[in-house]
Amino acid sequence: VSKHDYSEYESMFDPMQNDRKARRARKTDGRRHQPKKSHDAILSEMVEAAASAENTAVSTYRPSRFEEGWLLSSLRPFYQQELITDVLAQVKGGKEASVYRCAATPNTGFELAAAKVYRPRMFRQLRNDKMYREGRGLLSAEGQNLNQSVHADRIQRAVGKKTSFGQQVSQTSWLMYEYTTLGQLYQMGAAVPKPLASGENAILMEYIGDEGMAAPLLSEVDLHPKEVRPLFDEVLRNIELMLQHHMIHGDLSAYNILYWEGKITLIDFPQVTNSLTNRNARFILARDIERICDYFADQGVERDPDGILRAFWNRYQAVNQRDQQADESRLNPDAWM
Ligand SMILES: Nc1ncnc2c1ncn2[C@@H]1O[C@H](COP(=O)(O)OP(=O)(O)OP(=O)(O)O)[C@@H](O)[C@H]1O
Ligand SMILES: [Mg+2]
């Protein structure tokens, strides 16, 4: 896909970009001089086109011309691993990622799957992720911690300087945090979609909803008064379960919880925070709990967010910090001599 196509793709997500600007961009692009291709270049392009036609992905969903290249190349690994056979519809398009309903193969154990496709990195306003990155290493596409790599210094420099390579590393790490977190949480029995596979720009996971519609957000549904309290408890169970394993969602609210047939599912984990190593952990946890309490207060459940925070913190963090201090004093002779 050419650079031109990506700029069109970008404009889809940018309602502020006015038509005039877009028209001008197209005009200049059209006038751009096309260098003559050598015979070899044409031949090699034809060979490539033929090769990629062999695994052409089908899609019932009709993406716009500018979405198509990115979408199908992002999903190619899932077609190739025979996990999906079709893209049925776009569930939601957003600033950071778009989610699609896919037809899944029996290999997945599901009839439908959700593909979360991250936007091309050059056009995505990376969420201000510094606060979350603190205290967590970079993850490779294989889910390995890159800080243990022999190239750790070089990689860190590239990320710091935001070179193209560095940005790719950041994006991969961001996506792999989401993917590996889903795996850990799913195994622990948290209410999250089962992760199925990851690619360079996309993750494939269990789809919540049916062939007609994806599960609405908790923020979008009218709860029956009787289910409010149990759902609140279920959200708290998940926050506590995560904290027990030193994880904080970091962007939890009724906008990142799906509701389907009386059950909730937590989604959207790239900014997951390590509660032991991130110095902002308490602030980030407090914000998650507050947002949840605000939502449920509107539904008529009055609970004290500060009390919940303190209880959770004392139960899991204080213990850990005491342990850590004890470990440090054992290791540091100054502390006990
Ligand atoms: N497993 C799923 N099943 C059904 N729908 C899903 C699933 N995962 C995500 N969605 C839908 O896609 C939307 C976007 O997903 P998510 O919250 O993970 O991305 P996001 O980073 O918030 O994207 P953006 O920043 O663009 O809003 C969700 O609000 C939800 O409506
Ligand atoms: Mg979200």
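**Close-up views of a predicted model**

**View 1. Residues around ligand 1 in the predicted model.** Ligand 1 is surrounded by 20 residues. The closest are Gly94, Lys95, Lys116, Glu206 and Asp268.

**View 2. Polar contacts to oxygen atoms of ligand 1, including those of Lys92, Ala97 and Asn256.** Lys92 uses its side chain: an N or O atom there is 3.2 Å from an oxygen atom of ligand 1. Ala97 uses its backbone, placing an N or O atom 3.2 Å from an oxygen atom of the ligand. Asn256 contributes a polar side-chain atom, again 3.2 Å from an oxygen atom of ligand 1. How much of ligand 1 does the protein bury? Taken alone, the ligand exposes 610 Å², and the protein buries 88% of that.

**View 3. Packing of helix α8 on helix α9.** Helix α8 spans residues 225-244, and helix α9 spans residues 281-298. Their axes lie 11 Å apart, at an angle of about 175°. An angle over 145 degrees counts as roughly antiparallel, so α8 is roughly antiparallel to α9. On the α8 side, the contact is made by Val228, Leu231, Phe232, Val235, Ile239 and Leu243. Leu285, Ile289, Ile292, Cys293 and Phe296 make it on the α9 side. By class, this contact has eleven nonpolar residues, no polar ones and no charged ones.

**View 4. Crossing of helix α6 and helix α7.** Helix α6 covers residues 152-161, and helix α7 covers residues 164-188. Their axes come within 7 Å and cross at roughly 100°. Angles of 65 to 115 degrees count as roughly perpendicular, so α6 and α7 are roughly perpendicular to each other. From α6, Arg154, Ile155, Ala158 and Val159 take part. They meet Phe165, Gly166, Val169 and Ser170 of α7. Which classes make up the contact of α6 with α7? This contact has five nonpolar, two polar and one charged residues.

Notes:
Residues numbered from 1 in each chain as written. Chains lettered and ligands numbered in written order. Predicted model: local features only at pLDDT ≥ 70, side-chain atom pairs only at ≥ 80, totals over all residues. Heavy atoms only, no water. Axes fitted to C-alpha atoms, helices over the stretch in contact; angles between N-to-C directions. Helix = DSSP H or I, 4+ residues; strand = E, 2+ residues; numbered from the N terminus. Parallel < 35°, antiparallel > 145°, perpendicular 65-115°, else oblique. Contact = heavy atoms within 4.5 Å. Nonpolar A, V, L, I, M, F, W, Y, C, P; charged D, E, K, R; others polar. Near = heavy atom within 4 Å. Polar contact = N/O pair within 3.5 Å; in protein donor to acceptor, adjacent residues only side chain to side chain. Areas by Shrake-Rupley, 256 points an atom, 1.4 Å probe, with all protein chains shown as cover.
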